[in-house]
Amino acid sequence: VSTSPVTSVQPEETGRLKKLPAGLARKFAAMATFSPGSATLLEEQAGGFYDPATKSFFLLDDMPKGMASLLAAHELTHALEDQHYDLDGRITASKGDDDRMFAIGCVHEGSAMAAMSVYMTRAMIAGKLTGEALQEFAQSEAGKAQKLNAMPAALRRQMIGPYLLGLGFVARGDLASMAQK
């Protein structure tokens, strides 16, 4: 999995998306085409992205540095899932079936959120993640979530549902096995 620094791309792309490699920026932006304002929301909220086609993940460099390891844990979970479950294949197979697409998103984002939560808890206990780092995130654009909070509730649920509902779904399973080394 590559963690190479992100670079500038097409001049027509704006905001944080212009920091992504060209092909990935277009793919990332395509994720946002299902609802009005979702591209700007992704610009505010996204801290990283895993690309199954290139087997690479990217962390956006304007996120607080203290969050990098948490974001990496989340994105590396997607990389591991892709090795075993072919993320692009699942997404392609579910095109045209919104319920299936949402369910797949919930499983993958939920498992990445669970892994990130376990990592975060361990880092806090070990003193590697400080309250100052969490406060820095809370004060960031993503932490303030102004664009997210300004969205209509129905669209907001659609955008954050895979993360929160997915975490709840995954939590119904054997979390003790996830917490083991």
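## Ground rules

Since the model is predicted, local features need pLDDT of at least 70 and side-chain atom pairs count only at pLDDT 80 or more, while totals for chains, interfaces and linings use all residues. Residues are numbered from 1 along each chain as its sequence is written, and side-chain values use heavy atoms, with hydrogens and water left out.

## Overall layout

The protein has 10 helices and 2 strands; these are DSSP runs numbered from the N terminus, with helices being H or I of at least four residues and strands E of at least two. Read from the N terminus, the order is α-α-β-β-α-α-α-α-α-α-α-α.

Of the 181 residues, 38% are buried, where buried means under 20% relative accessible area, exposed means over 50%, and partly exposed is in between (1.4 Å probe, protein chains only). Take the contacts (heavy atoms within 4.5 Å) between residues at least 6 apart in sequence: 64% of them join residues at least 24 apart.

Helix α3 covers residues 68–85, and its 18 residues should span 26 Å at 1.5 Å a residue; the end C-alpha atoms sit 25 Å apart, which agrees. The expected span here is 1.5 Å times one less than the number of residues.

Just past the end of α3 comes Asp86, in the loop between α3 and α4. Asp86 has a phi near 50°, a positive value in a residue other than glycine. With 44% relative accessibility, Asp86 counts as partly exposed.

Glu109 belongs to helix α5. Glu109 is buried yet has no salt bridge, and the nearest side chain of opposite charge, Arg90, is 12 Å away. For charges, Lys and Arg count as positive and Asp and Glu as negative, with His and the chain ends not counted; a salt bridge is a side-chain nitrogen of Lys or Arg within 4 Å of a carboxyl oxygen of Asp or Glu.

What Glu109 does have is a polar contact of 3.2 Å with the side chain of His78. (A polar contact is a pair of N or O atoms within 3.5 Å; within protein, one must be able to donate a hydrogen and the other to accept it, and residues adjacent in sequence count only if both atoms are side-chain atoms.) Leaving out residues up to four places away in sequence, Glu109 touches His74, His78, Pro162 and Tyr163. Pro162 comes shortly after a kink of about 60° at Gly161 in α9, the bend being the angle between axes fitted to the seven residues ending there and the seven starting there. Both Gly161 and Pro162 are among the buried residues of α9.

A search of the whole structure turns up 1 salt bridge. Lys55 and Asp82 meet in a salt bridge through their side chains (2.8 Å, N to O). This pair links distant parts of the chain, 27 residues apart, with Lys55 in the loop between β1 and β2 and Asp82 in helix α3. Asp82 is buried, with a relative accessible area of 4%, whereas Lys55 is partly exposed at 44% relative accessibility. Lys55 also has a positive phi of about 55° although it is not a glycine.

Over in strand β1 is Asp51, which is buried with a relative accessible area of 5%. The side chain of Asp51 makes a 2.9 Å polar contact with that of Thr54.
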